[in-house]
Amino acid sequence: MSFPVSFGFAQAGLLALIVLALALLVMAVTSRRRGAKAVLGRAVPGLALLVVAVVLLWIATLLQTYLGLTGEIKAAHVVAKPVAGQPHHLDLELTEFDEDGTVHRSTHRIVGDQWTLQANIVELEPWVNALGFHSGYKISRLYGQRTDGKATNQDHVLLNGGDRDFFEDMNEDRWYTSPFVRSAYGNAVIATPGEYDVFISRDAIKVRQTD
């Protein structure tokens, strides 16, 4: 399960500013023996800096929350083509991307007129997204579907170890939904032959055609 982090320079800089402001306040308190002017000389700038830093951090947190709610992670690329002379069969090239830049490529022949890619999603609470953490995900299954509604005779292709442990944990209440996790579930996208980029949002897997 991958939990990408996007804690930027803005948040780090603002936190450093708050630390500096607190340091000035501490210096003001510890130097109180030097007189009221020394205390005010450090306390007033320190308090002003602290207020500014907190306001800026609040604004940055709101922006980060918006990015966490709307941001997407590019998780894979899919190229699916019908097999010549074999109705209801697709040749599919799957390229998966890790957050560290590692690329995993695989090819599959699936039965169906459409392909389905399934992922495990661990949706985090919005305040956790605000800290820069993207919801967790793992691409877990690939399979085909026929447009006429008939069942295929092919087992699912399990990816990245599959999802058996994930759902067993859910059945046994090992997914704790408070205070960090809002929900955990499986989610899938269905698409026709073509070339697609696969994205993971805060709460779903989705695709966009690229050809």
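Predicted model: local features only at pLDDT ≥ 70, side-chain atom pairs only at ≥ 80, totals over all residues.
Two strands count as paired here if DSSP finds at least two bridges between them. Strands of a sheet pair through backbone hydrogen bonds, in either the parallel or the antiparallel sense.

The sheet is one part of the fold. The protein chain has 4 helices and 9 strands. Along the sequence, these elements follow the pattern α-α-β-β-β-β-α-β-β-α-β-β-β. Of the 211 residues in the protein chain, 37% are buried. The accessible surface comes to about 12,200 Å², and carbon and sulfur atoms account for 60% of that surface. Contacts between residues at least 6 apart in sequence can be sorted by separation: 59% of them join residues at least 24 apart.

The pairings within the sheet can be followed strand by strand. Strand β1 (residues 73–82) pairs with strand β2 (residues 89–97) in the antiparallel sense, over 7 bridges. Within this pair, His77 stands opposite Thr95 in β2. The hairpin of β1 and β2 has 6 residues between the strands, and Gly85 takes a positive phi near 80° in this hairpin. On to the next pairing: β2 and strand β3 (residues 103–111) are also joined in the antiparallel sense, over 9 bridges. Here Asp91 has Arg109 in β3 as its bridge partner.

Asp91 and Arg109 are linked through their side chains as well. Side chains of opposite charge can pair when their charged atoms come close. Arg109 forms a salt bridge with Asp91, with the closest N and O atoms 2.8 Å apart. This pair links distant parts of the chain, since Arg109 belongs to strand β3 and Asp91 to strand β2, 18 residues apart. Arg109 counts as partly exposed at 41% relative accessibility, and Asp91 is likewise partly exposed, with a relative accessible area of 32%.

How many salt bridges does the count come to? The count comes to 10. Another of them joins Asp197 to Lys74, where the closest N and O atoms are 3.5 Å apart. Asp197 is in strand β8 (residues 194–200) and Lys74 is in strand β1, so this pair links parts of the chain 123 residues apart. Is Asp197 buried or exposed? Asp197 is buried because its relative accessible area is 13%, under the 20% limit. Lys74 is partly exposed, with a relative accessible area of 40%.

A further salt bridge is formed by the side chains of Asp163 and Arg141, at 2.9 Å from N to O. Asp163 lies in the loop between β6 (157–158) and α4 (164–171), while Arg141 lies in strand β5 (residues 136–145), so the pair ties together parts that are 22 residues apart in sequence. Asp163 is buried, with a relative accessible area of 3%, whereas Arg141 counts as partly exposed at 24% relative accessibility. Elsewhere, Glu123, Glu125, Arg182 and Arg202 are linked in a network of salt bridges.

Leu117 lies in strand β4 (residues 114–124). With a relative accessible area of 0%, Leu117 is buried. The C-alpha atoms of Leu117 and Ala191 are separated by 8.7 Å, and the two residues are 74 residues apart along the chain.

How values were computed. Residues numbered from 1 in each chain as written. Heavy atoms only, no water. Helix = DSSP H or I, 4+ residues; strand = E, 2+ residues; numbered from the N terminus. Buried < 20%, exposed > 50% of the residue type's maximum accessible area, 1.4 Å probe, protein only. Contact = heavy atoms within 4.5 Å. Areas by Shrake-Rupley, 256 points an atom, 1.4 Å probe, with all protein chains shown as cover. Salt bridge = Lys/Arg side-chain N within 4 Å of Asp/Glu carboxyl O.
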